[in-house]
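Hi everyone, thanks for making time.

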Amino acid sequence: MESIWTQTCNHREKRPALDRQIETDVAVIGGGMAGILTAWQLEQAGVRTVVLEADQIGQGQTKNTTAKITVQHGLFCHTFLEKKGEETARNYVQANQEAVKEYKRIIKEEGIHCDLTEADSFVYSSDREKLRQETKAAQRLGIRADLKEQIEIPVPCTGAVCFPNQAEFHPLKFLYALADTLKVYEDSQVKEVEDHLVKTSLGSVKADYIVFAAHFPFINFPGMYFTRMHQERSYVLALENAGKIEGMYIGEGEEKLSFRQYDRYLLLGGQGHRTGENKSGGCYQKLKEAAKAFYPDSHVAACWSAQDCITADSIPFIGAYASDRPGWLVASGFQKWGMSSSMVSAMLLRDKICNIENPYAETFAPSRFSTEEIPQIARDSGHAVKGLAKRFFHVPEETANMLERGHGAVVETSQGKMGVYKSEEGELFKVDIVCPHLGCELTWNPDEQSWDCPCHGSRFDVRGNLLDGPAQEGIQYE
């Protein structure tokens, strides 16, 4: 399932892997939007930087984004003011406003052709009072915000809050243009990090600073980010013959849908769930049913899914990885807003490495902690414990012989418990059902035919190959 961005961008030859020992000022782990932007900002500041990418740049979460560049992150302004106070809320807003401006500046000054379009951003709701409160809160935080009674998409609502002059673009075209100016090593999965040394299977990098920008921090200790974040998946359809819209939209509430235009395609997203909790499937089908209801003459040109790291307090972790690891930095926990958060990360980490005081650093610092985190951490820990317990005590009814073609399940066999997928041709693909990250039992995701970890979000294909971290190895059955 290729995203519309992959389908509409020229194929790139892979860059060579790191195969020797090198030294530099900064080593960035991860060649997605956050990693490439951070490296680019550092190079612009005169800091020697290299990027290490396990596969190919942009082929992780960046290729699956809806690519909205906006400070409007749902109905968050009123909530942030109430729970976090005006200083934190204002810092969060201003940092993201600067991120939107920085994208526009870079694209203009560097002459990057990435289909950048200015667009108003809307969040719609059936709750009029929530919209009124959000508009007032946004204005208080310095955002140009208007309450609109009518919007152009055919969803039931009482109106929407509008943030004008946001933007949308083609993320891979932008990313590839920036990466062409950088030193990037692909097929260079990091195996180990010790102090200031980053090791891959064929080479190593010695650096003053190491930036972990590979979506989910894969080193568990120190930092313990696996206790402070979980991962969620969401799904997107690219629709043809659905007409055109001018704005970008996101709904409020559990059944929220996302809308934006790209060229002749209308991108419709939604059906989010915690990774590892989609046993019944049907996410794509529900989106297709919504598409037919809203746009009866449309048809699906592409469909894909995305994965997002969710922090307990809804603010990304950007800054020092841990107090006892000087020189280690991290950028993660972007929620559903990876584009603006990637730029915020790049500017914050650039300033930290260059010893420039940034007024927003404390707001995003990973070392922060508030009582707001405690309930979410407890819920996430409960998921982890449940996942671990299932490994030993859950005995499924399915057996390999009873498994339907095109389906997967945890089964009991004469060799013990394993994950089994039966192809349409009847071939069995067996995998180790234990996640190599922290030992949780994996679950089958029928929508994407993948094995997903309900604890921390790692994912694997039917052959056991790693799709998403924080796991760093596959689950091939032996």
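**Where two helices meet**

Let's start with a contact between helices: Cys77, His78 and Leu81 in α3 meet Gln133, Glu134, Ala137, Ala138 and Arg140 in α5. Before going on, please keep in mind that this is a predicted model. Helix α3 covers residues 77–84 and helix α5 covers residues 128–140; their axes are 7 Å apart, and the packing angle is about 70 degrees. An angle of 65 to 115 degrees counts as roughly perpendicular, and therefore α3 and α5 are roughly perpendicular to each other.

Now the cysteines. How many disulfides does the structure hold? It holds one. The partners are Cys440 and Cys455, with an S to S distance of 2.1 Å. For those of you who like torsions, the value about the S-S bond is -105 degrees, which makes the link of Cys440 and Cys455 left-handed.

What about Cys9, which is in no disulfide? For Cys9, the nearest cysteine sulfur belongs to Cys114 and is 10 Å away. Cys9 counts as buried too, at 17% relative accessibility. Then there is Cys162: the closest cysteine sulfur is in Cys77, 13 Å away, too far for a bond. Cys162 is buried, with 2% relative accessibility.

Cys162 also turns up in the surroundings of Ser121. Ser121 is part of strand β4, residues 117–125, and is buried at a relative accessible area of 3%. The side chain of Ser121 makes a polar contact of 3.0 Å with the side chain of Gln72. Beyond its neighbours within four places in sequence, Ser121 is in contact with several residues, including Thr70, Val161, Phe163 and Met248.

Next, the nonpolar packing. The largest nonpolar core has 79 residues, and the ones with the most contacts inside it are Ile36, Tyr103, Phe169, Phe174 and Phe364. Which helix gives the most to this core? That is α4, residues 86–110, with nine residues. Phe364 is worth a click if you have the viewer open: apart from neighbours within four places in sequence, its contacts include Tyr92, Ala95, Ile315, Phe317, Val344 and Leu348. There is also a second, separate core of 26 residues, and Phe317 is one of its members, along with Ile22, Ala207 and Ile219.

Asn358 is in the loop between α8 (338–353) and α9 (361–364). Is Asn358 buried or exposed? It is buried, with a relative accessible area of 15%. The side chain of Asn358 has a polar contact of 2.8 Å with that of Asp351, and it also reaches the backbone nitrogen of Tyr360 at 2.9 Å.

Asn355 belongs to that loop between α8 and α9 as well, but Asn355 is exposed, with a relative accessible area of 70%. I bring up Asn355 for its backbone: phi is near 60 degrees, a positive value in a residue other than glycine. As background, most residues other than glycine have a negative phi, and most peptide bonds are trans. Ala67 has a positive phi of about 60 degrees too. Ala67 lies in the loop between β2 (49–52) and β3 (68–69), and it is buried at 0% relative accessible area.

On the peptide bond side, the one from Phe221 to Pro222 is cis, with omega near 0 degrees. Pro222 is in the loop between β10 (204–212) and β11 (229–240). Gly469 and Pro470 are also joined by a cis peptide bond, here with omega about 25 degrees. Pro470 is in the segment after β24 (466–468).

One last stop is Lys288 in helix α7, residues 283–294. At 33% relative accessibility, Lys288 is partly exposed, and it touches Leu237 and Val300, not counting residues up to four places away in sequence.

That's my tour, and I'm happy to take questions.

Technical notes
Residues numbered from 1 in each chain as written. Predicted model: local features only at pLDDT ≥ 70, side-chain atom pairs only at ≥ 80, totals over all residues. Heavy atoms only, no water. Disulfide = S-S within 2.5 Å. Buried < 20%, exposed > 50% of the residue type's maximum accessible area, 1.4 Å probe, protein only. Helix = DSSP H or I, 4+ residues; strand = E, 2+ residues; numbered from the N terminus. Polar contact = N/O pair within 3.5 Å; in protein donor to acceptor, adjacent residues only side chain to side chain. Core = buried A, V, L, I, M, F, W, Y, C linked by side-chain atoms within 4.5 Å. Contact = heavy atoms within 4.5 Å. Axes fitted to C-alpha atoms, helices over the stretch in contact; angles between N-to-C directions. Parallel < 35°, antiparallel > 145°, perpendicular 65-115°, else oblique.
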